[in-house]
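Please look through the sequence and the model below before reading on.

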Amino acid sequence: MPDLWWRKPKNKTRTLYTCQNVTIPSIPETEDFATKLSDLHAGHHPTTLIMTNREAVVLQTSFRLAMMAYGRNSGKSLLFRGIRLKNSHDVSMIEVQFKSSRHRRGNMDDTGHAVAYLIKVEGGLGVVLSYKGSTNTADWKANFKTFSIEMFPDLPGKEDVKVHKGFLEHKERLDKRMSKAEMLPIASILSTWGVTPSKNFRDF
């Protein structure tokens with residue numbers, strides 16, 4: 001599980017909740033998570049209130065993935081990072097960090113933040129996108145915009161997927177950053193995986 005703790009900032013005026021030592025799930029863990037999550041979505045629900053290994057794996061891995069955007073934060077508007085498995089020379093996972101289009105250079109936490117993982121898995125490509133929760137003034141201001149709104153208005157069959165208006169505005173600003181982020185720096189890696197990159201991350 002992630003290592004969570006409280007820390008005092010330099011000005012000592014308030015306490016921040018941080019998560020720095022989050023372990024990125026391995027590829028086998030991610031594949032196992034995807035299988036078990038698919039089973040749950042398929043309606044294979046437990047018949048008792050006792051949590052089985054399947055539900056425990058889904059819960060724990062979901063938590064770890066959700067915390068990625070808290071602990072994996074370079075403070076840069078855009079960052080690519082290739083990740084190799086132990087004893088391997090080949091990149092098997094790519095981490096991409098995005099800041100909102102309202103990000104001010106030099107600030108670690110002033111806007112929305114998201115982390116994407118492109119993972120080479122058996123038979124294809126796995127993608128994990130994690131949005132950071134509320135940690136700064138801009139986040140909390142967005143939280144007051146509580147009106148429910150469709151998250152994917154242009155996608156048929158997704159009408160029931162709704163979020164509060166403030167989060168959608170944060171997401172749209174992150175989408176704007178993604179649309180400006182060209183995939184050229186990682187195109188050669190993706191090609192060795194048999195994956196054709198798009199011009200930018202938003203299209204991808």
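Tyrosine 131 counts as partly exposed, because its relative accessibility is 21% and the buried class takes in only values under 20%. The model in which this residue sits is a predicted one. Phenylalanine 167, with a relative accessible area of 23%, is likewise partly exposed.

A search of the whole structure for aromatic pairs finds 3 of them. In one, phenylalanine 80 and phenylalanine 201 form a tilted pair, with 5.8 Å from centre to centre and 35° between the planes. This pair links distant parts of the chain, since phenylalanine 80 belongs to strand β3 (residues 78-84) while phenylalanine 201 lies in the segment after α5, 121 residues apart. Phenylalanine 80 is partly exposed, at a relative accessible area of 26%, whereas phenylalanine 201 is buried, at 8%. Tyrosine 131 and phenylalanine 167 form another aromatic pair, an edge-to-face one, with 5.5 Å between the centres and 80° between the planes. Here too distant parts of the chain are linked, tyrosine 131 coming from strand β6 (residues 124-131) and phenylalanine 167 from helix α4 (residues 165-180), 36 residues apart. Phe80 and Phe201 also belong, together with Phe98, to one aromatic cluster.

With these residues placed, the overall layout can be described. The chain has 5 helices and 8 strands, and from the N terminus on its elements run β-β-α-α-β-β-β-β-α-β-β-α-α. Of its 204 residues, 37% count as buried, and the chain exposes about 12800 Å², of which carbon and sulfur atoms supply 54%. Among contacts between residues at least 6 apart in sequence, 45% join residues at least 24 apart.

The interior comes next. In soluble globular proteins, nonpolar side chains tend to be buried together. In this model the largest nonpolar core has 16 residues, and those with the most contacts inside it are Ile94, Phe98, Leu118, Ile186, Leu190, Trp193 and Phe201. Strands β4 and β5 (113-121) and helices α4 and α5 each supply at least two residues of this core, and the largest share, 4 residues, comes from β4. Phenylalanine 201, seen above in the tilted pair, touches Phe80, Val96, Phe98, Leu118, Met178, Ala181, Glu182, Met183 and Ile186 when residues up to four places away in sequence are not counted. A second, separate core has 13 residues, including Ile27, Phe33, Leu40 and Val128.

Is serine 92 buried or exposed? Serine 92 is buried, because its relative accessible area is 9% and the limit for that class is 20%. Leaving aside neighbours within four places in sequence, serine 92 is in contact with Ile27, Ile83, Arg84, Leu85, Leu118, Ile119, Lys120 and Trp193.

Helix α4, which holds phenylalanine 167, has 16 residues and reaches 23 Å from its first C-alpha to its last, close to the 22 Å expected at 1.5 Å a residue. Its buried residues are Gly166, Leu168, Glu169, His170, Lys171, Arg173, Leu174, Asp175, Arg177 and Met178. What do the buried residues of α4 pack against? They pack against the strands β4, β5, β6, β7 (148-150) and β8, and against helix α3 (137-143).

Strand β8 (residues 162-164) contains lysine 162. With residues up to four places away in sequence not counted, lysine 162 touches Ser148, Ile149, Glu150 and Met151. Lysine 162 and phenylalanine 147 are 15 residues apart in sequence and, from C-alpha to C-alpha, 9.9 Å apart in space.

A last point concerns how far the model can be read. The chain averages a pLDDT of 77, and 83% of the residues score at least 70. Confidence is highest in helix α5 (residues 184-192), at a mean of 91, and lowest in strand β1 (residues 3-7), at 35. Over residues 1-19 pLDDT stays under 50, and the model has 35 contacts beyond four places in sequence for that stretch. Where pLDDT is low, the predicted coordinates should not be read in detail.

Note on methods
Residues are numbered from 1 along each chain as its sequence is written. Side-chain values use heavy atoms; hydrogens and water are left out. Contact means heavy atoms within 4.5 Å. pLDDT is the predictor's confidence in each residue, from 0 to 100. Rings of Phe, Tyr and Trp (its six-membered ring) pair if their centres lie within 6.5 Å; planes under 30 degrees apart count as stacked, over 60 as edge-to-face and the rest as tilted. Buried means under 20% relative accessible area, exposed over 50%, partly exposed in between (1.4 Å probe, protein chains only). Accessible areas come from the Shrake-Rupley method with a 1.4 Å probe; for residues, only the protein chains shown count as cover. A nonpolar core is a set of buried Ala, Val, Leu, Ile, Met, Phe, Trp, Tyr and Cys residues joined through side-chain atoms within 4.5 Å. The expected span of a helix is 1.5 Å times one less than its number of residues.
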